[in-house]
Structure formats: C-alpha cells, structure tokens
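Morning, everyone. Let me put the model on screen, and then we'll walk through it.

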Amino acid sequence: MGIEVTVEGLTMSFGSQTIWRDVSLTLPAGEVSVMLGPSGTGKTVFLKSLIGLLKPEKGRVLVDGVDMVGDSDRKVFAARKKFGLMFQDGAMFGSMNLYDNIAFPLREHTRKSEKEIRRIVLERMDMVGLGGEERKLPGQISGGMRKRAGLARALVLDPQIILCDEPDSGLDPVRTAYLSQLLIDVNTRTDCTMLIVTHNIEIASTVPDNMGMLFRRDLVTFGPREVLLTSRDPVVAQFLRGNRHGPIGMSEEKDAATLAAEAERFGSLKVREMEIPPQLEPSPGLPERMGAVRRSQRVMANLHLLPAEAQEAIQNAHRRRSMGGPPPPVPWASA
Amino acid sequence: MTAPPQGPPPPPAAPEPMRPRVQPVKVNPSDYMPLAGGLRQTGQMFALAASVLRMTFKRPFQVRELIQQFWFIASVTILPTALVSIPFGAVIALQVGSLAKQLGAQSLTGGASVLAVVQQASPLIVALLIAGAAGSAICADLGSRTIREEMDAMEVMGVSPIQRLIVPRVIACMAVAFCLNGLVSVVGVAGGYFFNVALQDGTPGAYLASFSALAQLPDLYVGQTKAVIFGFIAGVVAAYRGLHPGAGPKGVGDAVNQSVVIAFLLLFMVNLAITAIYIQVVPPKGA
C-alpha cells in the first residue's frame, strides 16, 4: 500500500527568481496524480523537492513522518528508499550496461542472490519492452529506450511512491499509450502512490485519479481529475485545449497589453466543450485497482464541495461504471 | 435612505488585473558581496573534505571501485612522473653541485640535493601530476556524471555518491601519491647521483657519505606525509569541482580547468605551511 505525501506551504526560488510559492497539496495514498504545467513552470523542480534533492526555502514535504525538506540527511536518505524516481532522460549510469543499471538498487539495498536479481531485472526489462537489450550501454540506445530503462530501474525495488518526470517526452504516441497502461497496471499491482509530471494531455486526461496544475508560480488547483478537466479557469481551459488564445503565452505568460489586444480581436472566446475521456482500466486479468476504489469513496463523500460541472462529470462516470459495462468504446476503435 | 441608482449602469467589472510581470525582487544580501561567494565555495569544499573523511569509515567500503581507481590513476601518472623526475633530480643536482662548488663545500653536495629532492621536489612533482593527470580525469568524469543527473539518480536510490564514488577516488589519489613519492625520491636521488658523479666530477663516496651528514629519516617521513596530504587535496578539489560544474558540457570543461588551477594553488600554499612547521618542529641535523 502506498504512502500519503503531504506538501505544506512549499516555496522555492533560485536567487531572486521565485519558481513557485506556497504550494500545498496531498497526494492520496495509492492513487495516481498528475501535475500539469507549461514548460518552465518548475514541474521537475517540484518533483526533485518532493524527494529531497532540492531544498525549498519554506514549507514541508511529509512522507511517513519524515520531512524531506527539513530533516537530517540520514532520515531523508532512509526515506528515499521508499521512492522510485524516473528521470526525464533516464539518468542511467553511463559506465554500466542496462542490466547492471537496473540491478543497481537491488545490489545496493537487498541481500538477494545474483540469480534472484537476474529474475527480477529480466522481468522488469520485459515489462518495459527492453527484453534482450541487457548488454547495451546507455550511450548505445535511443532516448525513448533510456527512458523506459529508467522506469524499469525505478520499479525494481517495488517502491511505495513512484515519481515520473515527463514519461512521454521522446516517446511516440503508441509507446506513450503503452506506457500509460503500464503505469496504471503498476499502480494496480503494487498499490503505490504515483505522481506523474507531464504536459501531455493524453496522459493527463486518461491516467490519473487526481490532477493539479502549476502556472505562474502558483498551484492553480489540485483535486479529482474531473475538477480540472471541466474547469473554466482560463489558464486551465487554454492549456487543456492547446489554444493560443488565453493567459499562457510563448514565453511563460502574456502581458496585459497583448491580452487586451487579443480580446479585442477575437472577442470573448467561447470555451470549447471538452469530452472527458474515461479513465484507463487495469489490463484484463489484473484485480480491481484499489486506488480507484478508495478515490471513488473519497470523492463521493465530498462531492458537494466540488464545482457543479465536476459533480456532474463524476456522477456520469460513476453511473457508467455501476451499470457494469466496460467503459464506452473509443469512437475510432473498430469493433 | 438610499437614492435610486441613476445614470448609466456601472461598466462591467474589469478583468482581474494581471500580476505585474516583474516580481518584487527579494534581495539576498550575500548575493551582492563578492567575497561571500568565495567563502561559500571554500566552506563547501571543507564540508566535502570532512564528509569524505567521515564516510571513509562507513560500511560498506567500495573495494572494487578503489582498486579500479587506484589502477587507473597509477596508469596515467607513473610514466609521466618517472620522465619528469629524472631531469628534475638532475637539475637540482647540477644547481646544488655548482653552488656547493662556489662555496667550497663539494663534499656536502649529495646531502643537500637529497634534502631538496626528498623534502620538496618529490612531493611536489607527485602532487602536480596527480592533480594534473588524475585530478582532471576525475573531475571530468564526475562532472559529466553530474550533468547527466547520475549523481541525483544515485542519491534518489538512497546511495551516497560521496561514499560510493568520491571516497574511493580520494583514497586512490592518496595511495598512488604515497607510492609514487617513493618512486620519485629514488629516481631523483639516483639521477642526482649520476649527474653529480658523471658530469661534475663528484666522488661517489663523498656523495653517499654526505647523505647521512645532512639528511635524516624524518625528512623522508615528511616527504611521504606531504605526498599523502597533497593527494588528498588534489582528490577533494577534483571531486568538489566535479560535483558542482557549471551548466552544460561547457560547465564541465570549465570545472576541470578550475580544479587543476585551484589544486595547484592549494598545493603550494599547503607545502609552504608544512615546510615552515616541519623546520620548527624537527631541527635540521647539526644545527
């Protein structure tokens, strides 16, 4: 069972530049969460702060009673063994082949025999589609493969918390879809808490239970996925639809003058309705995903606190599921 | 009583003003003190040196990495060191020999040049080669690993890069420095002997006899101690710059360059301090 991660009033800045401030949220235990945000809003910095690689100047990150920001290195190092982090470009050790890379955490932290290590490593490599590539060095494979190897290494100790830094970048859409399914399956199997940082809308709308968005040095919202997917907040709506018109500009944000000129030219833009795609289900043969069960209980109990559109979307999804049928077929998938 | 509203209705509420583009700058006073940056770097380097010492005694010790590094450092330094030490010993022998001749103390040439080689020249040659050949390689290796986030990855997996990578490298530097210093002392003294006897018409007997007239065993001890300390400094400086390179590949290149320069500066300073202390603590023979 995963561990809850509580972030309280986290503020980070490099010199005089504030990256984000006063971020507070809770990653519920055993559920999958996604942090969205335009490029350069400090999503990666946020991930690294959760695991204690970067030390924000204010706030706390509580994992199982350990403050990853303020506690002693010894405690933080011990707590890190509960984490698996998948780096943006894999961060494989260049001097070791893939097999040794993925076996590294096992050799460091367990007393398993070399035979058992071999079994686990090969199984994980198969899982991410890297079977047969054990002898390759990280420099000899493509970026996408390095990424998948990074995921295999993050999974090898069955961590209770998995953090993924842009799992989709450098992957083609098909591999991205496989990876999304893989993440859901991993969550089903190990019931770990998961946080995925991405700006891929496909992942964001189909994988997570909860979703948040960082923009302009603030956490815009964090909550059940339906809240963000139905949000009329100009920033969120613009981002989810990939529009040019809205507060997000080519550089981090638009200034007031550009925005006003835009408003004059296009009038008040109608927000296109967005269909909420069903959430991915675990692959056939796997048991029910406990994270989803807990989330649905939690969300249904607090339904009245959510915005009306989100309530409707959640009830629709709930109705669909309780009718017992599989999720509605995707229109373009032939029967 | 309130008057009924008159005139045109109020304009629709203006959209919430955007936050100004330029955020109020939080001034961190230490950013503006030129000295503070240097002090911070120095402090961090001392902290690294302290953690290296502490982690040396922490289990599990990385024997394999130590052997690999020792082998690597030895292989890149042995040949250059031997090649440098022969002419260096010869130069000292020639210089001291001609000076001794001018003073009319030819019989003491051997002792004087041995003192110069064993106490000063040998540890410095070793240190320069360790810092230049091994330190630059260590710094480049660690630096490129740092920018590829390998260090972060290691920390995330709960493995300390200091214990795993840096302790073996620093110890290897010290051990190689110790061994090389012995080699350089022998080669330097032998070179000095050869040049003194062959080129300056010195007598072999006088050269050897004057060893014990001027030199004493603590001279060798301090030479070896120096070499070990220099090896430590070269290793720690290279590791420190390698762990904190600038951004990107260019940052690594700059870091390698700086590590060699910083190590050289420190070595000469520390050498001055050790020599001054040694001369006070161990009185020269016959004084």
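A definition to begin with: axes are lines fitted to C-alpha atoms, for helices over the stretch in contact, and angles run from 0 to 180 degrees between N-to-C directions. This is a predicted model, where local features need pLDDT of at least 70, side-chain atom pairs count only at pLDDT 80 or more, and totals for chains, interfaces and linings use all residues. Residues are numbered from 1 along each chain as written, chains are lettered from A and ligands numbered from 1 in written order, and side-chain values use heavy atoms, without hydrogens and water.

Chain B next. Chain B has 8 helices and 0 strands; these are DSSP runs, H or I of at least four residues for helices, E of at least two for strands, numbered from the N terminus. Of its 287 residues, 43% are buried, meaning under 20% relative accessible area with a 1.4 Å probe, protein chains only; exposed is over 50%, partly exposed in between.

Now a helix pair. The axes of α3(B), residues 109–147, and α7(B), residues 217–243, come within 8 Å and cross at roughly 20 degrees. So α3(B) is roughly parallel to α7(B), a label for angles under 35 degrees. Their contact has 18 nonpolar, 7 polar and 3 charged residues. Here Ala, Val, Leu, Ile, Met, Phe, Trp, Tyr, Cys and Pro are nonpolar, Asp, Glu, Lys and Arg charged, the others, Gly among them, polar.

Gly253(B) sits in helix α8 of chain B, residues 248–281. Gly253(B) is partly exposed, at 40% relative accessible area.

Conventions. Parallel < 35°, antiparallel > 145°, perpendicular 65-115°, else oblique.
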